[in-house]
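Visitor: I would like to go through some labels and ask what stands behind each of them.
Guide: Go ahead; show the entry and ask.

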Amino acid sequence: MAYFLQQLINGIALGSIYGLIAIGYTMVYGIIGMINFAHGDIFMVGAFIALIAFLALMALGVTMIPLALLIVLVVPWRSPPSGAGQWNASPTGRYANPFAWRLITAIGMSIVLQNFIQVAQGARVKPLQPVITGGYEFFKDGDFTVIISNIQILIVVTTLVLMTAFWLIISRTALGRAQRACEQDRLMAALSGVNVDRTISLTFVLGAALAAVAGLLYLLYYGVIDFFIGFVVGIKAFTAAVFGGIGSLPGAMLGGLVIGLIETFWSAYFTIEYKDVAAFSMLAIVLIFFPTGLLGRPEVEKV
Amino acid sequence: MSSSLLEIDTVTACYGRLPVLHGVSLDIKLGEIVALIGANGAGKTTTMMTIFGRPRASRGRIVFDGRDITQLPTHEIARLRIAQSPEGRRIFPRMTVMENLQMGAIIAGDPDGFDHDLDRVTTLFPVLKARADQRGGTLSGGEQQMLAIARALMGRPKLLLLDEPSLGLAPLIVKQIFAAIKELNRDGLTVFLVEQNAYHTLKLADRGYVMVNGNITLSGTGDELLARKEVRAAYLEGDTAMLKETGA
């Protein structure tokens, strides 16, 4: 029981990180119907920016996490790796097949980001000494103590706060309405005076900011990163987005949690080598019974 | 009064390489109701969309309120307060009625005036008030049409474009909608109307244009056009019963 509880806590923490990344996939898919294959690498770049920020701040004798969080949030806003550039660069609507154009651009962006970090930061694994330590003894059962570490609390709380903030942005603000309008009917959005290109760019940037925060949390949680983490974590988060129903924000979060939990429990009770197989198999099974994901909306709709 | 609010000057437009409009010219003066009638596929909707640059005019120019808008991005054209209730209504299906109206209010650029404008359109279409929290996609066809017009009105437009507001609607609702258009026009709104329902439209309009295969073939006042036998033959055949009935 205690062991189970511990795994549950670990799974939720991991799932929160997946969920944060999955939101970016799902938002971009919702608005332009394309999977942003560079998204996982934006997460990786976010982790590196966080690492550099931490090292710089530590050199200055500061260990404030909120500050690093702020840097991670602000830096991608104006810098090219945010993914906004890749959209702006594409000649929307002028070519016969913008879909292929964007897809190729995204994959290219992914390769560029990986190689840029590999060249700029080196190919070796980068460690960061633990910044947040300690935790709470939650429950004791014989020899086994269930611990919620402070970093796990930070991850879950950050995720909850960001999710709530995003949900409010999407459902209550003019920007959120413009985003949903672009998602549902781009031509009508333009006829309503919405700058569609700018709205899409902002969606990329918002998703990228979340991925970057996820990168920061990942760095704090595991303490080691390298230039290739974006691939596997990105694929997992993508799986989470599909699992929950691509295009659905709550679905992305739910999918993230489910993938995190499956992976953790499989590692804990079966073989750790097959944890990815377990997660992806589960996706296949779910898609058989819910082709649009757990919370995805059905394709047919009365218009 | 004689100055044009919108002037379409020998505009040619294509979908891909297929030309749809062949040098279309028409103008709409302040305070008028102007109708564009024609058969399916004549290019009426394209004419309307070309005003917004979708598709762009490949030749000719479009002037709104003294400004050349031919090359302006679509959203900037809309923000000059040209509002459209487009073909197929294009209600945002997964937004509530209220949110749809909020989308329409963007081009008004006046958040403080929102409540006032909302009052105005819900007085015109009371059913929208009752449906405020319902998703647009769940409304009936007639309600969606009213919502599309109401959404356009929320932008406090200088020019209102209506593409087939009567399409697929029960005669009673068509009557309501045409009455609403007339009322809005009395309050000073300029309206450009595309219709297949030629009889009602020409009755309502100050002036009309007839479009055939991407060309304007006839123009004149609504009554003049109604009296032309080629108009009657081509567009009013189905309506002749109605013509006799009303003694027109």
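Visitor: Where is the place of B:Arg81?
Guide: B:Arg81 sits in the loop between H2 and strand S6 (82-85) of chain B; helices (H or I, at least four residues) and strands (E, at least two) are DSSP runs, numbered from the N terminus. This is a predicted model, in which local features need pLDDT of at least 70, side-chain atom pairs count only at pLDDT 80 or more, and totals for chains, interfaces and linings use all residues. Residues are numbered from 1 along each chain as its sequence is written, while chains are lettered from A and ligands numbered from 1 in the order in which they are written.

Visitor: Why is B:Arg81 called partly exposed?
Guide: A residue is buried if 20 or more other C-beta atoms lie within 10 Å of its own, exposed if 12 or fewer, and partly exposed in between, with C-beta atoms placed from the backbone. B:Arg81 has 18 other C-beta atoms within 10 Å, so it is partly exposed.

Visitor: What is noted about the phi of B:Arg81?
Guide: Most residues other than glycine have a negative phi. B:Arg81 is not a glycine, yet has a positive phi of about 70°.

Visitor: B:Glu164 also has a positive phi; is B:Glu164 buried or exposed?
Guide: The phi of B:Glu164, not a glycine either, is about 50°. This residue lies in the loop between strand S7 (159-163) and helix H7 (171-186) of chain B. B:Glu164 has 22 C-beta neighbours inside 10 Å and therefore counts as buried.

Visitor: Which peptide bond is cis, and how do you know?
Guide: The bond from B:Arg54 to B:Pro55 has omega near 0°, and is cis. B:Pro55 is in the loop between H1 and S4 of chain B.

Visitor: How do H10(A) and H12(A) pack?
Guide: Helix H10 (residues 229-244) and helix H12 (residues 275-289) of chain A have axes 10 Å apart, at an angle of about 20°. Axes are lines fitted to C-alpha atoms, for helices over the stretch in contact, and angles run from 0 to 180 degrees between N-to-C directions. Angles under 35 degrees count as roughly parallel, over 145 as roughly antiparallel, 65 to 115 as roughly perpendicular and the rest as oblique. H10(A) is therefore roughly parallel to H12(A).

Visitor: Which residues of H10(A) make the contact?
Guide: A:Lys236, A:Thr239, A:Val242 and A:Phe243 do, against A:Ala279, A:Phe280, A:Leu283 and A:Val286 of H12(A). Two residues are in contact if their C-beta atoms, placed from the backbone, lie within 7 Å.
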